[in-house]
Amino acid sequence: MGVADVSELSPDHSPAVEALLADRIEVIRGPATLLYGSSAVGGSVNVLDGRVPAERPVSALTGTIIARGGTIAEERTAAGKFSGGIGKLAWRLQGVIREAGDMGVPTHTPEDDHDDHDEDHDHDDEHDHDDEDHDEDHDEDHDEEEAGPISVIENSSVSLNTGSFGLSWIGRHGFVGAAVSLHGTEYGVPGHEHAHEEEEHEGEEHDEEHHEEEHEDEHAHEEGTHVDMRRTAFDLAGEWRLAHRIPMLTAVRTRLGYTDYEHDEIEDGAVASNFAVDNIEGRIELDHLLSDQTKGVLGVQASSGTLETSGEEAYIPRTSTARVGLFILERYDTGPVGFEAGARFEFASIEADTEGQTRNFSGLSLSTGVNLKQSERLSVSLSAARSVKIPDAAELFSNGVHIGTGAFEIGNPDLKAESALSVDLSVQLENGPMDLTTTLYSNRFRDFIYLRDTDEEREGFPVYQVSQGTARFLGFEAEADVELLHGDAQHLAAHLWTDYTRATLVQDDEPLPRIPPLRLGAGLSFDRGPLAAKLSYKRVRAQERIATHEEETEGYNMLDASLRYRLFLGQTVHNFTLQGSNLTDVLGRVHTSFQKELIPLAGRDIRLTYQMTF
């Protein structure tokens, strides 16, 4: 089911998901994506954290304890996952505590060593300006400030506490259980204070006599804006395996969840904005077996929720959204050929209270695929889909300054549902010491929803209009694993990969904004007994194919490495892992980010992780 937070609305809203608690993270593609939604053209990400126990534990107490420290933000993390049971009762307790300071970033790229930005300043200066162009634009207002390279992203610290407790009754033919989850985090939001400073400086230009008062306000913003987020979730889950008691029906699974989410955006110690979500969601799945070769799942999923915003960043009115989805997935296997087909009909009603508008949408998504295993070494997969994406509340009704994107966003209440026709072709080759997977894909969108830069300004921010058009996405992914050395005691392998997307707005014959560039990677992994080492290199090319009013992003190279030692003591496994990220300390910016100039990627980070499993 959905996470039911507001991370989809803005890049400065943290998702209420913690990867350290995950037992498994799945990337689901093809017809199976229709089990979870209709708009996941590229696939869906499913995080399984086992908060509601579904299986009896192997012993009275099992668990994992993790401790981690990192240098780039002075990170300190502790996590624990514990399971146990008595008789038919099983329980699970898990949690994470994390503290991290402001994130460090490289002060320069190796290519820029010759100019060092500004001859008047050295690399030891620390401040929150991120590029020379920005400093030049504000020289008149910051004569007293030093303009040089970044060393930290100010106001980027994080404090997190999250955990859950679940209890289940597990019988011979199924289980029923419940869990409560608490997620609390407080984190800085770089960029908010920067935007307020711009507004203050504009005021200085218009009214010099208030200079001293505004200077005091500027110091009041030094602490920056931070988000205080709280999320409480209650889950009920159950499964009943029928063991052929009912013809063709093999299992029934149910899930019901309620989420109470809220976060405050705090400035100068006072709440400036508030986002609140109340959401209830449920689903029922029926596993069935039509024949020895044909099996599938049929189900219904429904949700009802409200989103309410208040304060300075209330650029979306209070909205209520109700959704119902009916889905089916069938798979037929015969010898070397497998067929899969899925369908999902979805209905949504979105109402904006203050706008007095209600929009109703419906759409049918279809997907089919075939897998041909020509031999033990070669298989080919082809899938085709028609998917429908229903607009969300922000795309329909936003109207105001959105600090997270640094823009004045204007929604479009007349949006149509977006539809896409997609074709994917994948080839998997296992030829002795080499495994190769290549995927080509083509997606053509009708009424594609995107944010268009209007080249206008309002309230000192660029205006972005939610727009629609015909779009075409072409791309590829490829990866190869090659065994270089394989012996009884040691193993050496190479890993190569690349991916690329080319996206075009058809009617204007121009690129779409914020599309990632070509990426290439290579790595080596070595295993010898309890010791394992990895070295990986990534090349991200410059993105020069850009939309109107969009700026190019420079490419970068990044080098990572890790070393792990595993120790077995009785029934306990101890793992010691030393990781190095961005070892060459290069400055890299993400082209898909609205705040790429303000917030680059982290600099050199060294992490030490200890994990004990028992």
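**Labels and cut-offs**

Author: Let's start with R241 and E239, whose side chains meet in a salt bridge at 4.0 Å, N to O. This is a predicted model, so local features need pLDDT of at least 70 and side-chain atom pairs count only at pLDDT 80 or more, while totals for chains, interfaces and linings use all residues. Residues are numbered from 1 along each chain as its sequence is written, and side-chain values use heavy atoms, with hydrogens and water left out.

Reader: What makes R92 and D23 a salt bridge?

Author: The closest N and O atoms of R92 and D23 are 2.8 Å apart. R92 sits in strand β5 (residues 89-100) and D23 in the segment before β1 (24-28), so the pair ties together parts 69 residues apart in sequence.

Reader: Why does R92 count as buried?

Author: Buried means under 20% relative accessible area, exposed over 50%, and partly exposed in between (1.4 Å probe, protein chains only). R92 has 10% relative accessibility, so it counts as buried. D23, at 45%, counts as partly exposed.

Reader: Why is the F445 and F473 pair called edge-to-face?

Author: Rings of Phe, Tyr and Trp (its six-membered ring) pair if their centres lie within 6.5 Å; planes under 30 degrees apart are stacked, over 60 edge-to-face, and the rest tilted. F445 and F473 come in at 5.2 Å centre to centre with 65° between the planes, hence edge-to-face.

Conventions: Helices (H or I, at least four residues) and strands (E, at least two) are DSSP runs, numbered from the N terminus.
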